[in-house]
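Visitor: I am new to protein structures and would like to be walked through one. Please show it, and then I will ask about its parts.

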Amino acid sequence: MPAIALNHYNLRAPRALLLQLKEFYCEVIGLEAGERPAFDSFGYWLYAGGQAVLHLSEARTGDVRHTGIATSFDHVAFSCVDPEGMEALLLARQLPYQVAFVPSLQQKQIFLRDPAGNGVELNFTCIS
């Protein structure tokens, strides 16, 4: 049976980094913290448009999560609105980013990194 949609992705990190990730994805990207089942571990579910798209889970004791290593993961992408507002927010927070345009899709893209170094792509429909 084929997959029909992406449900969510999960980031697992020590609690201090987990809190930084929550702040970044809520305050910068615009996701909203919402209901999460009563799991044995600490964490958050972050929502976009009523869908829990990002699960943040605390790393277990002894669970080592390497950063700065080569992997096949490049980035996650979100559909967004208000590119000017986003750029103003990123500048105000002094977060580095790059901008690209995809004329065939009439799309502006903003690329940045979260506090763990994961790539994040923000897609905005350009209105001609």
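Guide: One definition comes before the rest: two strands pair if DSSP finds at least two bridges between them. Keep in mind also that this is a predicted model.

Visitor: How many bridges join S3 to S4, and in which sense do they run?
Guide: Two strands need at least two bridges to pair. S3 and S4 run antiparallel, and the number of bridges joining them is 6.

Visitor: Which residue of S4 is the bridge partner of Leu46?
Guide: S3 covers residues 43-48 and S4 covers residues 51-58. Trp45 has His55 as its bridge partner in S4. For Leu46, the bridge partner in S4 is Leu54.

Visitor: Which residue in the hairpin of S3 and S4 takes a positive phi?
Guide: The hairpin has 2 residues between its strands. The residue with a positive phi, near 60°, is Gly49.

Visitor: What other strand pairs with S3 in the antiparallel sense, and over how many bridges?
Guide: Strand S2 spans residues 32-34 and is antiparallel to S3. Within this pairing, Gly34 stands opposite Trp45. The strand asked for is S2, and the number of bridges is 3.

Visitor: In which sense do S1 and S4 pair, parallel or antiparallel?
Guide: S1 spans residues 9-13. Ala13 stands opposite Glu58 in S4. S1 and S4 have 5 bridges between them, and the sense is parallel.

Visitor: How many residues of S4 are buried?
Guide: A residue counts as buried under 20% relative accessible area. In S3, 5 of the 6 residues are buried, so S3 is largely enclosed by the rest of the structure. S4 is also largely enclosed by the rest of the structure, because its count of buried residues is 6 of 8.

Visitor: How many helices and strands does the protein have?
Guide: From the N terminus on, the elements run β-α-β-β-β-β-α-β-β-β. The helices are H1 at 15-28 and H2 at 83-92. The secondary structure comes to 2 helices and 8 strands.

Visitor: Which element supplies the largest share of the largest nonpolar core?
Guide: The largest nonpolar core has 26 residues, and those with the most contacts inside it include Tyr25, Leu54, Phe78 and Val120. Elements that each supply at least two of its residues include S1, H1, S3, S4 and S5. The largest share is 6 residues, and it comes from H1.

Visitor: Why would such residues be found together?
Guide: In soluble globular proteins, nonpolar side chains tend to be buried together. In this protein, one of the residues with the most contacts inside the core is Tyr25. Leaving aside neighbours within four places in sequence, Tyr25 is in contact with residues including Leu11, Leu46, Leu54, Phe78 and Val120.

Visitor: Is Val76 buried or exposed?
Guide: Val76 is in strand S5. Beyond four places in sequence, Val76 is in contact with Tyr9, Gly119, Val120 and Glu121. The relative accessible area of Val76 is 11%, which means that Val76 is buried.

Visitor: Where is Gln107, and is it buried or exposed?
Guide: Gln107 is in strand S7. Not counting residues up to four places away in sequence, Gln107 touches Ala100, Phe101, Val102, Asn123, Phe124 and Cys126. With 18% relative accessibility, Gln107 counts as buried.

Visitor: What is the relative accessible area of Asp82?
Guide: Asp82 lies in the loop between S5 and H2. Although Asp82 is not a glycine, it has a positive phi of about 65°. Asp82 is partly exposed, and its relative accessible area is 46%.

Visitor: Does Gln94 count as buried or exposed?
Guide: Gln94 is found in the loop between H2 and strand S6. Its phi is near 55°, a positive value in a residue other than glycine. The cut-off for exposed is over 50%. Gln94 has 70% relative accessibility, so it counts as exposed.

Visitor: What percentage of the residues of the whole protein count as buried?
Guide: The protein exposes about 8400 Å², and carbon and sulfur atoms supply 54% of that area. There are 128 residues, and the share that counts as buried is 34%.

Technical notes
Residues are numbered from 1 along each chain as its sequence is written. This is a predicted model: local features need pLDDT of at least 70, side-chain atom pairs count only at pLDDT 80 or more; totals for chains, interfaces and linings use all residues. Side-chain values use heavy atoms; hydrogens and water are left out. A nonpolar core is a set of buried Ala, Val, Leu, Ile, Met, Phe, Trp, Tyr and Cys residues joined through side-chain atoms within 4.5 Å. Buried means under 20% relative accessible area, exposed over 50%, partly exposed in between (1.4 Å probe, protein chains only). Helices (H or I, at least four residues) and strands (E, at least two) are DSSP runs, numbered from the N terminus. Contact means heavy atoms within 4.5 Å. Accessible areas come from the Shrake-Rupley method with a 1.4 Å probe; for residues, only the protein chains shown count as cover.
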